[in-house]
Amino acid sequence: MDYKDTINLPKTDFPMKANLSEKEPEILKRWEGLYEKLRAQRKGKQLFVLHDGPPYANGNIHIGHALNKILKDIICKVALIEGFDVDYKPGWDCHGLPIEQQVEKELKAKKINKESIPKDEFRRLCREYASKFVSIQKEEFLRLGVLGDWENPYLTMDPKYEAQEVREIGRCLQNGVLYKGNKPVYWCIYDKTAEAEAEVEYKEKKDISIYVRFELLKQSENVLRQKLDLPDKPISIVIWTTTPWTLPANLGVMASEDIEYVVVEEDNYLLLLEKQSQYVKNKEFIASLKGKELTGLEYQHPFIERTGKIYPSEFVEAGTGTGFVHMAPGHGMEDYIVGLRYGLEPFSPVDESGRFTEEAPEFIRGLNVFEANTVIIEHLKQTGFLLKEEEILHSYPHCWRCKNPVIYRATPQWFIGVDIKSQKLHNKSIREKAIEETYNVKWVPKTGQNRMLSMLQNRPDWCISRQRFWGVPITIFYCKRCGEPLLESHIFEYVAKIFEHSPYGADEWFKKDEKELLPPDTVCKKCGSKDFVKETDILDVWFDSGSSHASVLRPRGIEKADVYLEGSDQHRGWFQASLLESIASYGEAPFKSVVTHGFTVDEKGHKMSKSQGNVISPLEIIKEYGADILRLWVISEDYTEDIKLGKSILKRLAEDYKKIRNTLRYCLGNLYDFKYEFSIAPDKLHHFDRYMYAYASKVFEELFSFYKNYQYHRFYHRLMEFVSIDLSALYFDVLKDRLYMYKNGSFERLSAQTVLYFLLKNLTILLSPVLSFTAEETYSYMKSIENHLPESIFMNEYKASDFTDEELLKDYQKLLLLRKDVLKAIEVERKNDIIKHPYEARVVIKLNEEFYKLLEKYKDYLHSFFTVSQVEIAENDGEEGEYTKLRIKVEKAKGEKCPRCWLYVETMINGVCPRCSQNI
Ligand SMILES: [Zn+2]
Ligand SMILES: [Zn+2]
Ligand SMILES: [Zn+2]
């Protein structure tokens, strides 16, 4: 008789080979409209909002985008299986310089000058450019399996969005935190625009540093001579600078009140500088005095008809330079701050392209500041004011777009004043309130809080104006006669309405004139004039994205997002812009928690770059392996640090994926004849199944808590351990004999199947946030097992099983240790050729009383548990020892081999073992 047909082998159409790159697009089609269906299904449940930080609509997506969007998707899907109504509206950052430059380039290729076409026409081209990349990126993000409101994403160039920004400017003005000031800001002379803190990068730069002599005026010299006994030679103070080009803008000199200054004699003059300065090393001091005695002394500028004074400053330190810092309040932040105290104006004789203006001395007029450096040094040398020059390498700010060094330049700009106390903030400043709010936010990882705090403590006012074309205009009108700006909120609302109701949105600012943009009969409150002129500056793009909470969340009644998630560089960028804008406008943070991720590096830990040739495109990975492998990669390492990616890592991930897939397939294959209704109550299960039910319940809880705590790599490691050790090597292995040999509908089979379905369903739900495609695929096979399952895996919630059996768990803990030793002993005898297959083995175990009692309890099942034919247990015959020293003997099984199940038995019935005889 051929017993093959009487054996219950697994049956399933669920393919062993995933073929993800072909299957995933089919599943994506099934997901069309899923987001909307989910919102409908969860209506009324607690809302969970992940607010998307908008990527820039420029270029195809890279691996960093993939990491970012997949992490967001995992967070949202975890919230889904937790039962929330999940809101995720993807967005794009559409304005800004990179797009403007691309459009300029395209125009140049057609020999068209940007300035020769109307501003609104140029903006139309920028809009088209951004739209093109929004569609491209949207398709690519969808391909990753990211679920969200892709039908209605938010774009910072949407008329509605732009209108809300106009209202935000109005709110900031009314809250008293927005002001126009003439102060130094980072300025790129190549891009001809102001730049934000977040837009500069510090890089090493080679410069010439110089020591320059500033001669004291006669009356100041006399003041010193009254205090000190000095030779009769002219006295000079010595300044040190690395930016000689700022000397034409010199208006004063800062000194520290607390450090000690000395006088040294050199050639025909006396030099005054700080005692620890390198310059006076090994020189003889002929006098010394405290810095505070220098305040108010006056000097003559070395090449301009101008005198300046010495001012006390907290920014001067001993050890670097000379203890005298030359002040150009128009070209340095500290210079500006101290200058403001003493009434010095932010003087800047440099135009937008970095050239010296008419206000500069003739010998440098028209030169670019960096060219002027050497000319000024040469001039100082010839006139005898240069004491020393040396090359230095220092960290210097560079433009993050064109990579050129930036300068500080004072121009009239709009600022959000971070230290202005506002009534809206109960008389606190934005800085104070923002610092306070960091304590109310959950930071993942925790270090995020300190990063944010240290940035908030040191940041200057936020310059929000830009002198460019492609952005949201700063919609402020000035009185033509007296210059007073119009601040009333209804004016902002009026403009916002115009933008909102026009398909051109903010382009209207440039299309229409002042009369068309203002409510009729607007009058200047100060002078009564009816003529106004509009601001031409546009908003910093960080204001665009920073106010996204106001455009995307608040109008829909959402005051705070549950999560903001971006790369860790965004403490400086989007997180901070959002926090400051939200506080300026609404007095509170826009997020409850902030999660940050690191960056992708290659397998050796090096940064990915085109020049290194180690860039991996997410789209290529998807083509070769499928999006689920990419998604698995995201959780395979701690994302709060930098994550490695490369060919061998992908191979390893594909192996792990296979293990997971085989687990699901094993369950499905052995459930072909099972229906959910056949399930046996947990406490009535076979003890081995009951053990797995109780054990797996605990594992699932553990996995779920890793999810909730954003510890995805811990989820991954626990999952792989469960799949390969607890399931594949133990449960599934032991179960094979029972599943294959018992009849359909027998208790032995049903008991095992009950647990297999329990494992399958929970695993599929728990895998769905990460292996979304595979989970949905598996789920479609579950529908024939359980009726009335909702349409998609994502419509299911993870429900904790509270079933447990502590005594059984403890027993099995010991049995499992024993099993390890038994398997080892079998392996030894297999190598010795005593047996060829574990089924040929009879295991004799002698053990102490405690273990003997335990094994007695499970006597009938032990041979299955050890996957052998026979087990004999006996009490230890007097020899002492722990169970590890127990004596395990493996010998050839007694009797003959059952032709159906291959187990050895001593008695046969009708040519098979007694068990098989009942299951044919
Ligand atoms: Zn630049
Ligand atoms: Zn006026
Ligand atoms: Zn048999």
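Visitor: How many aromatic pairs does the structure hold?

Guide: There are 49 aromatic pairs in the structure. Rings of Phe, Tyr and Trp (its six-membered ring) pair if their centres lie within 6.5 Å; planes under 30 degrees apart count as stacked, over 60 as edge-to-face and the rest as tilted. This is a predicted model, where local features need pLDDT of at least 70, side-chain atom pairs count only at pLDDT 80 or more, and totals for chains, interfaces and linings use all residues. Residues are numbered from 1 along each chain as its sequence is written, chains are lettered from A and ligands numbered from 1 in the order in which they are written, and side-chain values use heavy atoms, with hydrogens and water left out.

Visitor: Why is the pair of Y186 and Y408 called stacked?

Guide: Look at the two values. The ring centres of Y186 and Y408 lie 4.7 Å apart, and their planes are at 20°. That angle is under 30 degrees, so the pair is stacked.

Visitor: Where in the chain do Y186 and Y408 sit?

Guide: Y186 is in strand 5 (residues 178–188) and Y408 in strand 17 (residues 407–416). The pair links parts of the chain 222 residues apart. Helices (H or I, at least four residues) and strands (E, at least two) are DSSP runs, numbered from the N terminus.

Visitor: Why is Y186 called buried?

Guide: Buried means under 20% relative accessible area, exposed over 50%, partly exposed in between (1.4 Å probe, protein chains only). Y186 has 6%, so the residue is buried.

Visitor: What makes Y564 and W574 a stacked pair?

Guide: Their ring centres are 4.4 Å apart and their planes meet at 15°, so this pair is stacked too. Y564 belongs to strand 26 (residues 561–567) and W574 to helix 17 (residues 574–586). They are 10 residues apart.

Visitor: Which residues coordinate the zinc ion (ligand 1)?

Guide: The donors are C188 (SG), D191 (OD), C399 (SG) and C402 (SG), at 2.1 to 2.3 Å. Donors are N, O and S atoms within 2.8 Å of the metal (3.2 Å for Na, K and Ca); water is not among the atoms, so sites may look incomplete. C188 lies in strand 5 and C399 in strand 16 (residues 386–399), so the pair ties together parts 211 residues apart in sequence. Both C188 and C399 are buried.

Visitor: Why is the site of the zinc ion (ligand 1) called tetrahedral?

Guide: Four donors count as tetrahedral if all angles lie between 85 and 135 degrees; four count as square planar and six as octahedral if opposite donors are over 155 degrees apart and all others between 65 and 115; anything else is irregular. Here the angles run from 99 to 121°, so the site is tetrahedral.

Visitor: What makes the site of the zinc ion (ligand 2) tetrahedral?

Guide: Its four donor atoms make angles of 99 to 117°. These fall between 85 and 135 degrees, so the site is tetrahedral. The donors are C479 (SG), C482 (SG), C524 (SG) and C527 (SG), at 2.2 to 2.3 Å. Along the chain they follow the spacing C-x2-C-x41-C-x2-C.

Visitor: Are C479 and C527 buried, or partly exposed?

Guide: C479 has 2% relative accessibility, so C479 counts as buried. C527 has 25%, so C527 is partly exposed.

Visitor: What is the phi of K192?

Guide: Phi of K192 is near 55°, a positive value in a residue other than glycine. Most residues other than glycine have a negative phi, and most peptide bonds are trans. K192 is in the loop between strand 5 and strand 6 (193–195). K403 also has a positive phi, near 65°. K403 sits in the loop between strand 16 and strand 17.

Visitor: Why is K403 called partly exposed?

Guide: The relative accessible area of K403 is 41%, between 20% and 50%, so K403 is partly exposed.

Visitor: Which residues does a cis peptide bond join?

Guide: The bond joins V444 and P445, with omega about -5°. P445 is in the loop between strand 20 (442–444) and helix 11 (447–458).
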